[in-house]
Amino acid sequence: MQDQSICEESRYSEIYSQQAEKLRNFLYYKCGDLAKAEDLAQETFLKLWKKCAEVAYESVVGFLYTVAKRLFLDLVRSEKVILKFEKSLLPNMNSEDPLFQLRTEEFREQVEKAISDLPDGQREAFLLNRIDKLTYSEIADKLEISHTAVEKRISKALARLKDDIVELKKRKI
Amino acid sequence: MNLEPDHNDQLAKWLSGELSHEERTELEKHENLNDLKAVIEDIDSWSLPSMDIDSSHKKLLYKRDNQTPSGRVISMRPIWRVAAAVAFLTIAYFGWDAYDNQLMKYATGIGETQEITLPDGSVINLDAESKLNYSREVWKTERTVELSGQAYFAVVKKKKRFKVKTKKKTVRVKGTEFNIKSSDKQFEVICYSGSVQVVTESDDVTLSQGDAVRLVNSALISFTTKEESPDWQQGFSNFEDVPLSLVVEELKRYYEVKIELPEEYSNLKYTGRFVHNNLAQALRSIFTPMEINYKLNSASTVDFS
């Protein structure tokens, strides 16, 4: 077991390069502030170093997310979450296309806002699935909730998004 | 227009492609999911700026090696078990000077807490809006830290005395696990394990587990607690018959909130608790039992009607 120790510099660094960005994304979905998310991710890794002798290599991911969640809770969230993503260029479309309306920059921004406005749990689960391409089981592990709970969150997020799209389209016409 | 609730429940499986062909046909018959599908296809192409792993890794290592004084890893548990009153502590007046370039400084902002591990393995949990300093140079000869604000101490037993300096009166404490709260207005020591000796010019009190003292008009007043750790460590603040103005002061340490308590309320006595991670809930637990009408506005300002 000794060679598996997280206190080994090389192992610690390896965990960092594998996990840091994922953890940062996770925290970003929670707080909506990229700089803050990176700070929290760093703080999480500092805690990992402090506890490196106690944390088993197999459970390091669970440790990271538990600590990150706790650090996030320690922070006060008085401000609203506003998420921004990097988006691909819009394809050239003609206005005859039935999806034309959904493919405008403005519409995308409104979808982005609708996602930001989702309740915390739904937003996290949905984005871990769509942006980080995690399966429902992987999300369940990360958030330490059941597989069914993940499905419920995603379903609710989708139902809400669907209604939002209907609303947004109406507003346009 | 809307799907039946049971159809909505299937959306997660619809998205992950886990529905059977029949189930999917049935679902899509009830509602046009084409728009949703198109929007999700778009979302799938979104991303976040990628992280510069190399440079942030360097930053992390720098922070790590400059923050953890010894880089030594200690386990919390053995410390908690040190129950005997072996460590000696002195809380003395000091002027926040005599710093050297080896000074370790820790400070927390509103609503923040920080766990600090000292070179001897003692652990200090620093509460919101608090400061803790110690000199690595001085540490070689004496275990001395300087505190302003509130902190929970779990001190490892050593022959060398452990000193906590605060801005308040001269107080000497011996003990292993205790909480100190020290500000311009308040001074309080609560003993959670072992025994603690508190000495001022006029008082000399020894506290056992569950005993506590508070400085009121330059005299030490004793009280007791049934808790096993300070309330703030459990994420809330507890009050018994405390003037509302002080409760609001406390609230401001945990939340970025603009709140001017009307004069007429300031001396009302409050008994209860508020949480540290939800402003709306905290305000409710303070003002609703007091039957005071208030409104929390979007800019985190509290108005009273």
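## Lining of the second largest pocket

In this predicted model, the lining of the second largest pocket divides into 13 nonpolar, nine polar and eleven charged residues. The pocket has a volume of about 850 Å³. Its lining counts 33 residues, and the closest to the centre are B:Glu188, B:Arg214, B:Phe223, B:Asn238 and B:Phe239.

Six elements of chain B give two or more residues each to this lining. They are strand 9 (177-182), strand 10 (187-193), strand 13 (211-216), strand 14 (219-224), strand 15 (236-243) and helix 8 (244-254). Strand 15 of chain B gives the largest share, eight residues.

## Chain B as a whole

Chain B has nine helices and 19 strands. Of its 305 residues, 47% count as buried. The accessible surface of chain B comes to about 15,700 Å². Carbon and sulfur atoms hold 46% of that surface.

Contacts across the sequence are also counted. Among contacts in chain B with a separation of 6 or more, 52% join residues 24 or more positions apart.

## Helix 8 of chain B

Helix 8 is one of the elements that line the second largest pocket. Which residues of helix 8 of chain B are buried? They are B:Leu244, B:Val247, B:Val248, B:Glu250, B:Leu251, B:Arg253 and B:Tyr254. The list includes B:Glu250 and B:Arg253, both of a charged residue type.

An α-helix has 3.6 residues a turn, so residues three or four places apart point the same way. The buried residues of helix 8 pack against several elements of chain B. The strands among these partners are strand 6 (143-154), strand 9, strand 15, strand 16 (258-259) and strand 17 (269-275). Helix 9 (279-287) is a partner too. Strand 9 and strand 15 also give residues to the pocket lining.

B:Phe304 is found in strand 19 of chain B. Its C-alpha atom is separated by 7.9 Å from that of B:Leu261, 43 residues away along the chain. Leaving aside residues up to four places away in sequence, B:Phe304 touches B:Ile259, B:Glu260, B:Leu261, B:Pro262, B:Tyr265, B:Phe287, B:Ile292, B:Asn293 and B:Tyr294.

B:Ser300 lies in the loop between strand 18 (294-296) and strand 19 (301-304). Its phi is near 55°, a positive value in a residue other than glycine. Is B:Ser300 buried or exposed? B:Ser300 counts as buried, because its relative accessibility is 10% and the cut-off for burial is under 20%.

## Two sites in chain A

A:Lys133 also has a positive phi, near 55°, and is not a glycine. The residue sits in the loop between helix 5 (120-130) and helix 6 (136-143) of chain A. At 48% relative accessibility, A:Lys133 counts as partly exposed.

A:Arg153 belongs to helix 7 (residues 147-172) of chain A. A:Arg153 is partly exposed as well, with a relative accessible area of 26%. Beyond residues up to four places away in sequence, A:Arg153 touches A:Gly121, A:Gln122, A:Ala125, A:Leu143 and A:Ile145. A:Ala125 is 28 residues from A:Arg153 along the chain, and their C-alpha atoms are separated by 6.7 Å.

Key:
Residues numbered from 1 in each chain as written. Chains lettered and ligands numbered in written order. Predicted model: local features only at pLDDT ≥ 70, side-chain atom pairs only at ≥ 80, totals over all residues. Heavy atoms only, no water. 1 Å grid on protein atoms, 1.4 Å probe; cavity = no way out; pocket = protein on both sides within 12 Å on 5 of 7 lines; lining within 4 Å. Points joined across faces, edges and corners; volume = space filled by probe spheres on them. Helix = DSSP H or I, 4+ residues; strand = E, 2+ residues; numbered from the N terminus. Buried < 20%, exposed > 50% of the residue type's maximum accessible area, 1.4 Å probe, protein only. Contact = heavy atoms within 4.5 Å. Areas by Shrake-Rupley, 256 points an atom, 1.4 Å probe, with all protein chains shown as cover.
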